[in-house]
Amino acid sequence: HGLEETVAHLNTLGIKFTERQVDDQGLYQLFLFDPNGVKVELNFSASEVKGRKAAVMASELSDAPN
């Protein structure tokens, strides 16, 4: 829990992150990289979303290989 607080904290620290919403799982996700380049995934309940719009909606991603 704490989506808005986490976003505010990351922004204060200047840490870049991306957002994704996964409706079929009720998740709102933040992705960022740690200083060693390891991808970190933070999951929050979609019920915490208040006026946020993720840049990526998981339902819009294609399963087809590129």
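This report describes the fold, the sheet and a few individual residues of a predicted protein model.

**Overall make-up**

The protein contains one helix and four strands. Along the sequence, these elements follow the pattern α-β-β-β-β. Of the 66 residues in the protein, 29% are buried. If contacts between residues at least 6 apart in sequence are taken, 40% of them join residues at least 24 apart. A search for aromatic pairs over the whole structure returns zero.

**The sheet**

The four strands form an open sheet with mixed pairing, and their order is β3-β2-β1-β4.

| Strands | Sense | Bridges |
|---|---|---|
| β1 and β2 | antiparallel | five |
| β2 and β3 | antiparallel | seven |
| β1 and β4 | parallel | two |

Strand β1 covers residues 18-22, and β2 covers residues 27-33. These two strands form a hairpin with four residues between them, and Gly26 in the turn has a positive phi of about 65°. Across this pairing, Glu19 stands opposite Leu30 in β2.

A hairpin is also formed by β2 and β3, here with five residues between the strands. The turn holds Gly37, which has a positive phi of about 85°. Leu30 stands opposite Leu42 in β3, and Phe33 has Lys39 as its bridge partner in β3.

Strand β4 (residues 56-57) pairs with β1 in the parallel sense. In that pairing, Met57 is the bridge partner of Gln21.

How far is β2 enclosed by the rest of the structure? Six of its seven residues are buried, so β2 is largely enclosed.

Gln21 is found in strand β1. Its relative accessible area is 15%, so Gln21 counts as buried, given that the cut-off for buried is under 20%. Setting aside residues up to four places away in sequence, Gln21 touches Leu27, Tyr28, Ala46, Ala54, Val56, Met57 and Ala58. One of these, Met57, is also the bridge partner of Gln21 in β4.

Gln29 lies in strand β2. At 4% relative accessibility, Gln29 is likewise buried. With which side chain does the side chain of Gln29 make a polar contact? The partner is the side chain of Asn43, at 2.9 Å. Not counting residues up to four places away in sequence, Gln29 touches Thr18, Glu19, Arg20, Val22, Glu41, Leu42 and Asn43.

**Ile15 in the loop**

Where does Ile15 lie? Ile15 is in the loop between α1 and β1. Is Ile15 buried or partly exposed? Its relative accessibility is 30%, so Ile15 counts as partly exposed; that value falls between the 20% cut-off for buried and the 50% cut-off for exposed. Leaving aside neighbours within four places in sequence, Ile15 is in contact with Leu10 and Leu32. The C-alpha atoms of Ile15 and Phe33 are separated by 8.7 Å, while the two residues are 18 residues apart along the chain.

Terms used:
Residues are numbered from 1 along each chain as its sequence is written. This is a predicted model: local features need pLDDT of at least 70, side-chain atom pairs count only at pLDDT 80 or more; totals for chains, interfaces and linings use all residues. Side-chain values use heavy atoms; hydrogens and water are left out. Rings of Phe, Tyr and Trp (its six-membered ring) pair if their centres lie within 6.5 Å; planes under 30 degrees apart count as stacked, over 60 as edge-to-face and the rest as tilted. Buried means under 20% relative accessible area, exposed over 50%, partly exposed in between (1.4 Å probe, protein chains only). Contact means heavy atoms within 4.5 Å. A polar contact is a pair of N or O atoms within 3.5 Å; within protein, one must be able to donate a hydrogen and the other to accept it, and residues adjacent in sequence count only if both atoms are side-chain atoms. Two strands pair if DSSP finds at least two bridges between them.
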